[in-house]
Every structure is written in structure tokens, then in C-alpha cells.
Amino acid sequence: MLAAYPDSPALDAARAALAAQDATEAAAAGARFAAIDAAPAGPPVPYTGDPADYALSPALLASLLPQQQQQRTGGQEAGGHAAAPYITITWCNAAFMPFALNWAAHARGAGMGPFLVGASDEAALRALLAAGLPTFAMPRLVGKRAGLPQTSPADLGWGSPAFHKLGREKAATAAAVTGSGHDVLLTDVDLVFLADPAPYFARFPDAALLTSSDGLHRTTAPNPAVPAAVASSALPANATGLAAAAAAVALPSTGTGLEAWPAALDAAGNIGIMLWRAVAHPVAVAWRDALVAEPAAWDQDVFNDLLRAGAAPAT
């Protein structure tokens with residue numbers, strides 16, 4: 001059945017407003033894609049033949065953010081991280097090279113800070129270097145000459161044993177970068193940036209760890225002016241293992257743009273995009289070690305177990 005509505009000044013005004021909004025959004029999208037097209041790509045880099053030459057070393061990280069510690073200007077003592085930059089990292093195998101190129105183009109177009117694309121197999125490493133992208137070899141690839149089992153360059157298949165093994169390298173990367181004293185934004189390679197998220201992250205200088213959510217209902221404060229209600233994980237003094245690691249980090253509760261803590265624990269934290277600040281290093285280590293101990297576990301499940309281990313209410 002079709003219903004016909006007579007024209008009216010109010011309806012005309014609504015149509016005009018929608019048309020103006022569409023034009024504004026189209027112009028903004030055009031500007032974004034123009035920035036992506038104009039973003040410079042780096043020159044091709046010759047491959048040395050040894051993946052170990054491209055390890056994610058403290059020297060590589062320091063070269064990307066040589067002034068990070070100075071820029072913090074006492075932020076640790078003040079309980080904040082507002083001035084600290086971060087490194088953005090994703091990774092791929094050869095099958096996902098088109099995703100990596102798209103990810104990097106959007107990161108450049110959005111004006112992101114320093115970033116790296118990890119290579120999980122030698123074909124991906126060669127391709128990333130040839131594309132002039134800043135890259136590093138993932139841990140198992142670094143160990144190729146030592147006989148470590150290697151990641152396939154083909155599609156790994158979600159949930160496969162090879163897929164789970166690559167998830168362990170994500171946790172190892174979080175532990176390595178935070179252990180070097182740097183903040184890191186880890187993202188899946190199928191994510192794209194339409195804008196630089198740094199201003200958003202800067203709104204939460206006391207958050208040691210920020211991650212996306214699979215929640216389908218909103219738990220954030222409806223009024224952006226509502227002050228944050230911050231709760232710290234409060235665990236028994238004799239807590240050990242994952243619980244003790246989680247207790248080392250203050251986990252922020254509801255506030256401007258954040259889901260309510262711990263109410264949002266009904267939904268899973270999604271590890272497709274995660275900002276790890278250096279003070280969250282104990283949690284990254286606990287995540288890495290738990291995954292080593294449970295070879296068949298899904299990295300996201302283990303991460304959520306870690307969060308819930310530290311979710312006791314503040315006292």
C-alpha cells in the first residue's frame with residue numbers, strides 16, 4: 001500500500017534540510033578521498049633477504065617517536081597521558097595486502113601519526129617494502145631462520161588454528177610496544193580511518209586502555225556534560241595471575257563517550273581497535289602469557305576474561 005502526503009511548508013523545509021545535509025556529507029567525503037589520493041607514499045625499500053632485519057625492536061619504535069618521553073612532561077606523575085603520542089599498528093599476510101594498502105592510504109589521508117604494518121609472512125614483507133610502507137616482521141616471521149613454524153600467505157580462515165596463532169602475535173606486539181615505554185593503537189587491517197582519532201583519545205588521559213565494544217545498547221551518559229564517574233578495579237590484596245595484572249590498571253567508568261563500567265561487561269570488548277598506554281603493560285603481558293598457556297583459546301575471549309577478572313566494584 002502506498003500513502004500519499006500533501007506538500008506543506010514544513011515538509012518542504014525538511015526535504016531542503018536533508019538535501020543540504022546530503023550535500024555537506026558528500027563534500028566532506030570528497031575532501032577525505034582527495035586527501036587520501038594526495039597523501040604521499042614512501043619510496044620502495046629493498047628487501048635484505050632476512051626477516052630478522054625487520055624485527056619490532058626498541059630502536060625502531062624510538063625512531064618513530066624519538067621525543068615521546070620528553071613530550072610526556074611528567075604526565076605519569078600527574079596521572080595523565082594527554083601529551084603522549086602513540087604508534088598505530090596493524091598487520092597482514094600476503095592474502096590481505098589490498099586491505100593493508102587501503103588501511104595505510106586512509107591513515108595517511110586522515111593525517112595519522114606514525115604507523116607500522118606488520119608482515120606475518122615473507123611474501124607480505126616483500127610486498128609492504130615494495131609499496132614503501134613502514135613495516136616490521138611479526139615475531140614468528142623473525143624466527144623463520146631459526147625454524148619457527150610460519151604463517152601461511154593464504155587466507156587463514158576465521159577461527160582456524162592459524163588464525164588463533166596470529167592472535168597471539170597481536171598480544172605479543174602489545175606487550176613489546178608498551179614494554180618499550182610507548183603507547184600503541186592496535187587495529188585490525190579491515191578497519192579504515194575517516195579522521196584522526198587522537199583528539200578523541202586525548203579526552204580520556206587517565207585511561208590506561210581503551211577498546212571498542214560489541215554492545216548493542218548504549219550505556220554511555222546521555223549528556224556529554226555529565227562528569228565521568230571513574231571506578232578502579234578493586235581486588236583482594238592476595239589476588240594473583242590475571243586478576244593481579246588487571247588490578248595494576250585503573251579502568252575508567254562512564255563519562256563522555258565511554259560505556260558504563262562495569263555495566264558494559266554484558267557485552268564483549270572488541271579487540272579490533274585498542275589503545276594501549278604504556279602503563280597497561282602488566283595487562284598486555286598477562287594477555288600474552290595467558291594465550292601462550294592456552295593454545296586453542298580465542299584472543300578476544302582471553303582478553304575479556306582478563307577485563308572481568310578486574311571488574312570488582314570500587315570500595
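**Reading the model**

Guide: Asn-304 counts as buried because its relative accessibility is 3%; buried means under 20% relative accessible area, exposed over 50%, and partly exposed in between, with a 1.4 Å probe and protein chains only. This is a predicted model, in which local features need pLDDT of at least 70 and side-chain atom pairs count only at pLDDT 80 or more, while totals for chains, interfaces and linings use all residues. Residues are numbered from 1 along each chain as its sequence is written, and side-chain values use heavy atoms, with hydrogens and water left out.

Visitor: In which helix is Asn-304 placed?

Guide: Helices (H or I, at least four residues) and strands (E, at least two) are DSSP runs, numbered from the N terminus. Asn-304 sits in helix H12, residues 299-309. The protein has twelve helices and six strands.

Visitor: Which residues of helix H6 are buried?

Guide: An α-helix has 3.6 residues a turn, so residues three or four places apart point the same way. In H6 (residues 122-130), the buried ones are Glu-122, Ala-124, Leu-125, Leu-128 and Leu-129. They lie on the same side of H6 because they cover an arc of only 155° around the axis, the arc being that of the directions from the helix axis to the C-beta atoms. Among the elements they pack against are strand E1 (86-92) and helix H5 (97-109).

Visitor: What caps the N-terminal end of H6?

Guide: Asp-121 does, with a side-chain oxygen 3.0 Å from the backbone nitrogen of Ala-123. After H6 comes Gly-132, with a positive phi near 75°.

Visitor: Which residues touch the most other members of the largest nonpolar core?

Guide: A nonpolar core is a set of buried Ala, Val, Leu, Ile, Met, Phe, Trp, Tyr and Cys residues joined through side-chain atoms within 4.5 Å. In the largest, of 34 residues, they are Ile-89, Leu-186, Trp-276, Trp-287 and Phe-303. H11 gives the most to this core, seven residues.

Terms used:
Contact = heavy atoms within 4.5 Å. Polar contact = N/O pair within 3.5 Å; in protein donor to acceptor, adjacent residues only side chain to side chain.
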